[in-house]
Amino acid sequence: MKYLSEYRDPAMARGLVQRILDTATKRWTLMEVCGGQTHTIVKQGINEVLSNAVEMIHGPGCPVCVTPLVQIDRALHLAARPDVIFTSFGDMLRVPGSECDLLQVKARGGNVRIVYSPLDAVEIARRNPDKEVVFFAVGFETTAPANAMAVWRASELGVENFSVLVSHVTVPPAMVAILEDPGNRVQGFLAAGHVCTVMGWDEYEPLAAKYQVPIVVTGFEPLDILEGIWMAVRQLEDGRHEVENQYVRSVRREGNRPAQDLVSRVFQVVDRGWRGIGTIPGSGLGLRSEFASFDAERKFGLEGISAEESADCHAGDVLKGRLKPFECPAFGGRCTPESPLGAPMVSTEGACAAYYNFSRVQADVPVGVAS
Amino acid sequence: MITTSLRRSALQQVACPTPAPDSGCVQLGHGSGGKMSARLLRERFLPRFGNKYLDGLGDGARVPVEGVEVVVSTDTFVVSPLEFPGGNIGHLAVHGTVNDVAMMGAVPKYLSAGFVLEEGLGFDVLDRILDAMAEASAACGVEIVTGDTKVVDRGKADGLFVNTTGVGFLSDGFRPAPDLARPGDSVLVTGPLGRHGMAIMAAREGLAFEADIESDTASLVPLVEALRVAVGAGVHCLRDATRGGVASALNEIAQASGVGVALSGDLPVPTAVEAACEMLGLDPLYVANEGVMVALVSPEVEADALAALRAHPVGASATRIGHVVAEHQGMVVLRTGLGGTRVVDMLPGDQLPRIC
């Protein structure tokens, strides 16, 4: 397929793999930030072919994985209300809350709909004036502009029966949290290409300098990921720690200014809880007071809903790279893809689910060590 | 085969149950053809109905009738929209059941058809669907010999639901079955993947994308007959790759036979299907087909099997996608272009579009 197959060419990919293996004089530990990159790495088996040169730690950049339990529970509460049409991106539907997931609420009569664009949710609100339509506004800086646009548009059109349950997170504070963690093992990052398409990369330069880690803005196709890894490994071998841009066909240094402007007009920086990790100061986006009437938490009085995460789930340590999934006591026993305790076991790209599947093929990866 | 395509649940009780993994009621995912479907059958249907014919969970059953082995298979069809590029629910209702009979190695002869019609369904739509069934059954060499119609209130059915049951007859020495795969077998698919599922997605309201994709709905009877004539007992397993796609069909075979399936990275996915899947965050390996089967054949007959399949228009692009191995029993593993591996597991429920 044009503009896609070029970035998946097996011969070129094998060439890059060889270059990485030739360049690395020791085994480096890199983290890919974004869930989309994890998807490609797992799908293509990149971690496996590079295992002598690089250990890839799957980072916290999967919105499905890091949306805090309390926000899932609030979503479940809203979706169960008979006066609400609850709209969401597809893969949030199977994320376990304290007691069930959105698919189960749907089966019991909740009106839950998958949308591909938050603007579709605004349209549903316009077509259903007798219902309250709530959109689950999750994700990183990538989805923030479209979600901001939905609120903006609803405000312009005076769509009063539309609101958003916001759980937006931003990448740089999470990287700081990982780097400041006493047990941190990450030596370099592949930054999320689409986040940087929106935000540019200048906010990563102070991080690279302060923590002396290479950061390579990287795309999502196999050749992108391999080139990003190669660039990071080269920096590590040279003793450099710079921000480099692999994803030149999409990312400019300053990012997408109109998108940034829209996001800052609708959202402001807030503290945000991350599932399994806890609250990271300044790591989230919340609605500005001018748009408070579109805030589902206020509109439906959800502040009182709280949630306790399972003590058995060590997703936070996994997402920070401190713990390998199979080192978690619940892994493969009490926690499996069919019955997940935490979000990384939910999607096939989640770090825990990826290891769970992989371990069934590779005998040297243990399963369920202490379950 | 017991069909679990339940598209709606009528339970109005709105409350979260405990514990989470068992919802206490039917969910759409129970109709996905994935792990939830399998669990539903294993826990609720088989304990009550189980017998030596049903327990294999094949595409149909081979039952003795006055000393002759006859194949019976039933399937229920629910699709929205009723009409889509490449066909309508009438084509599916004939091809789906006829194909299930064929997967058991039989030549289908008779069909029953039971209809649930929704009050308000236009006669123009109904006529087109019935025309499609008449044409398709004539082309497949089957007759619809008995039937039933029921009408329900507006809002109680999605226009029209239809169940068909097929009866077919076997030839000597040809009994493909899901548990007959052996290490070394070649894994073949008979056509390009993912067309039906993506044609339906593109035709659905609310998805603002247009794609030039037609459903592949087709009878597989001529292909099975061609294989039988060309290589006979060299055919070990046949499975039509309907809901859950090629991935689910191969997982079922791997589990039933206690073998592993190793796929090469080279899968026949049409560009338009690949593009639509990329946009929507879906994996073509799990997308439904209605005119593609997987065939597991002895390696020594692979060339003859492919030649026989390719001689027919429906099988013109038949190709090998992998082979059976003794390792990783019960699992399907894909070797990527890079030389890495990826587990192609059965999905828990429906495939959900990814955010990122």
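Okay, let's start with a helix pair in chain B: α4(B) passes α7(B) in a left-handed crossing. Before I go on, keep in mind that this is a predicted model. So who's touching whom in that crossing? From α4(B) we have B:R195, B:M198, B:M201 and B:A202, and across from them α7(B) brings B:V273, B:A276, B:C277 and B:L280. Sort that contact by class and you get 7 nonpolar residues, no polar ones and 1 charged.

Now the geometry. Helix α4 of chain B covers residues 195-203, and helix α7 of chain B covers 271-280. Their axes sit 10 Å apart, and the packing angle is about 55°. Because of that angle, α4(B) counts as oblique to α7(B).

Let's hop over to chain A for another pair. Here it's helix α7, residues 118-127, and helix α8, residues 144-157. What angle do these two cross at? Roughly 25°, and the axes come within 8 Å. With angles under 35 degrees counting as roughly parallel, that's why α7(A) is called roughly parallel to α8(A). The crossing of α7(A) past α8(A) is right-handed.

If you want to click on residues, on the α7(A) side look at A:P118, A:L119, A:A121, A:V122 and A:A125. They meet A:A146, A:N147, A:M149, A:A150, A:R153 and A:A154 of α8(A). By class, that contact has 9 nonpolar residues, 1 polar and 1 charged.

Right, let's zoom out to the domains, staying with chain A. The assignment for chain A gives domain 1 as 1-309 and domain 2 as 315-359. How far apart are their centres? Taken over C-alpha atoms, 19 Å separate the two. Domain 1 of chain A puts 24 residues into the contact, and domain 2 of chain A puts in 16.

Which elements of domain 1 are doing the touching? In chain A, the ones giving two or more residues to that side are α2 (35-44), β2 (54-61) and α4 (63-66). The largest share comes from α2(A), with 4 residues. Split by class, the domain 1 side in chain A has 12 nonpolar, 7 polar and 5 charged residues.

In the contact, domain 1 of chain B supplies 19 residues and domain 2 of chain B supplies 22.

On the domain 1 side in chain B, at least two residues each come from α2 (89-103), β5 (106-118) and α3 (123-140). The largest share belongs to α2(B), with 9 residues. That side of domain 1 of chain B divides into 12 nonpolar, 6 polar and 1 charged.

Last thing: confidence. The model scores ipTM 0.79 and pTM 0.85. Chain B averages a pLDDT of 89, and 91% of the residues score at least 70. Where in chain B does pLDDT stay under 50? Over residues 1-20. For that stretch of chain B, the model has 56 contacts beyond four places in sequence.

Terms used: Residues are numbered from 1 along each chain as its sequence is written. Chains are lettered from A and ligands numbered from 1 in the order in which they are written. This is a predicted model: local features need pLDDT of at least 70, side-chain atom pairs count only at pLDDT 80 or more; totals for chains, interfaces and linings use all residues. Axes are lines fitted to C-alpha atoms, for helices over the stretch in contact, and angles run from 0 to 180 degrees between N-to-C directions. Angles under 35 degrees count as roughly parallel, over 145 as roughly antiparallel, 65 to 115 as roughly perpendicular and the rest as oblique. A crossing is left-handed if the near helix is turned anticlockwise from the far one by less than a right angle, and right-handed if clockwise. Two residues are in contact if their C-beta atoms, placed from the backbone, lie within 7 Å. Ala, Val, Leu, Ile, Met, Phe, Trp, Tyr, Cys and Pro count as nonpolar, Asp, Glu, Lys and Arg as charged, and the others, Gly among them, as polar. pLDDT is the predictor's confidence in each residue, from 0 to 100. Domain bounds come from an automatic or database domain assignment.
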